[in-house]
Amino acid sequence: MAAEPRRPEQPARPVLLTEPTAAQRDELTTLAGRARDAAADVPAAIALAAEAGASLPHPGSGSTAHLWSALATLGAADLTVARVLEPHLDALAILGQAGLPVAPGTWGVYAAEGPGTPLQAHPDGSSWTLTGRKHWCSLAAHVDRALISAWAGEERRLFEVDLRAPGVTPVPGTWVARGLPDVDSGPVDLDAVPAGAVGEAGWYLERPGFAWGGIGVAAVWYGGAVGVARRMVAGATGGRTPDQVALMHLGAVDAALHAARCALADAAAAIDAGRLLGVEGARAALRVRQVVASATEEVLTRSAHALGPGPLATEEEHVRRVVDLELYVRQWHAERDQAALGGLLLDDPDPAW
C-alpha cells in the first residue's frame, strides 16, 4: 500500500488563553513564527530564549495570562523550543522574586531530586560550593547558568551556578529518549563548584512563584495538545466528509481543551489578583496541572484513534509533536499529585464546590 502524502506543516499561529491587546496579539503571532523557524533547533531556541526573556512578563505582574499564552504558543509551535524557553523564563522570574540581578545568558532550573546521594552544598566563607551529582539537568552543556537546588545539611536551598565554571561536567550517554531527543536532560556532576545562595533555606519551595511556575509548565502542555488537536481538525476538513466517530472525537477534544483553557485563564486572573498564595497556590497548581494533563492525555489518545496510523508513520511534524508531548506531560506526577490534592481537601474540607 502506498504511503499517504505528507501534509505541509501547520501554519504558525498563537494560542490565546484570554483576549489579548493588539500589541500582545502581534507579539504572540511573531513568537509563533519564530518558534516555528527554530523547530527542533536547540541553538536557535536558545537565541530565541534570550530575546523572549527580555520582553515577556513574569507571573504575578498583571499579565500572567499573556505569559502563559506565550508558553502555550511555543508548545503548539514546537515542544523542543518550548522546553528551552520555559525554564529560562522561570529562572528569570525566580531571580526577580529573590530581588537578585540576572547575569547575561540563558538559564536552566535544576531542582528535581534523583536517585543516590543528593547534591550537597558546603559553606565557603561568605559563599558556597556544590559537590555531587544533580539529575534532570536539561541542556546543561548548552545554557550558560542555572538555578540548582542542593542540600545544606538537613536543609534544601537554591543556588545560582555558572555552568561554564571548572568542575561542572555533564554526564554523557544517559539521555536516550525518543521524545525531546535534542533536549538532553541527563545528570551533571559538580566538584566544588562555586555557587551563590538564592533566598534562605526552603525559600524556593515556599515562595508563591513555585506554584505559579508549575502552572506555567501546564500551559506548555496545553499548547502541545492544541497542536495535536489542530492536526485532527485538518484531518477532518481536508478530505472526505468526517463520519460520526470522527466528529465524536473532535467534540470530546474541544470540550477537554476548553476546560484546560478555562482552568489556566482562571488561575492567571487569580494570581494577578493576589489570591493564589500559600496553600491556595499549591491547591491551584495541583488542580490546574491535573485538568490540563488529563486533557492532554485525552487529546493524544483521541487523535490516535481519529487519525489512525498514517500521520504517525509519515508526518515528521506530527510524530515529533506526539512523542515530545508524551514525554513532556510526564512532568505531571499523576496519581501522586491527585493524592496530594486529596490531602489538601481533608486539611481544609470546605472546597469551592
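Is arginine 283 buried or exposed, and what is its relative accessible area? Arginine 283 is buried, at 5%. The legends below describe a predicted model.

View 1. An α-helix has 3.6 residues a turn, so residues three or four places apart point the same way. Glutamate 280 is partly exposed, with a relative accessible area of 32%, whereas arginine 283 is buried.

**View 2. Helix α8 runs from residue 278 to residue 307.** With 30 residues at 1.5 Å a residue, the helix should span 44 Å. Its end C-alpha atoms are 43 Å apart, which agrees. Glycine 308 follows α8 and has a positive phi, near 75°.

**View 3. In helix α10, arginine 320 forms a salt bridge with glutamate 316.** The closest N and O atoms are 3.4 Å apart. Four residues separate the pair along helix α10 (residues 316-328), about one helical turn. Arginine 320 has a relative accessible area of 18%; because buried means under 20%, it counts as buried. Glutamate 316, at 51%, counts as exposed because the cut-off is over 50%.

**View 4. Glutamate 160 and arginine 145 form a salt bridge.** Their closest N and O atoms are 3.3 Å apart. The pair links distant parts of the chain: glutamate 160 lies in strand β5 (residues 155-162) and arginine 145 in strand β4 (residues 145-152), 15 residues apart. Both residues are buried.

**View 5. Arg36, Glu317 and Arg321 are linked in a network of salt bridges.** The model has 17 salt bridges in total.

Note on methods
Residues are numbered from 1 along each chain as its sequence is written. This is a predicted model: local features need pLDDT of at least 70, side-chain atom pairs count only at pLDDT 80 or more; totals for chains, interfaces and linings use all residues. Side-chain values use heavy atoms; hydrogens and water are left out. Helices (H or I, at least four residues) and strands (E, at least two) are DSSP runs, numbered from the N terminus. The expected span of a helix is 1.5 Å times one less than its number of residues. A salt bridge is a side-chain nitrogen of Lys or Arg within 4 Å of a carboxyl oxygen of Asp or Glu. Buried means under 20% relative accessible area, exposed over 50%, partly exposed in between (1.4 Å probe, protein chains only).
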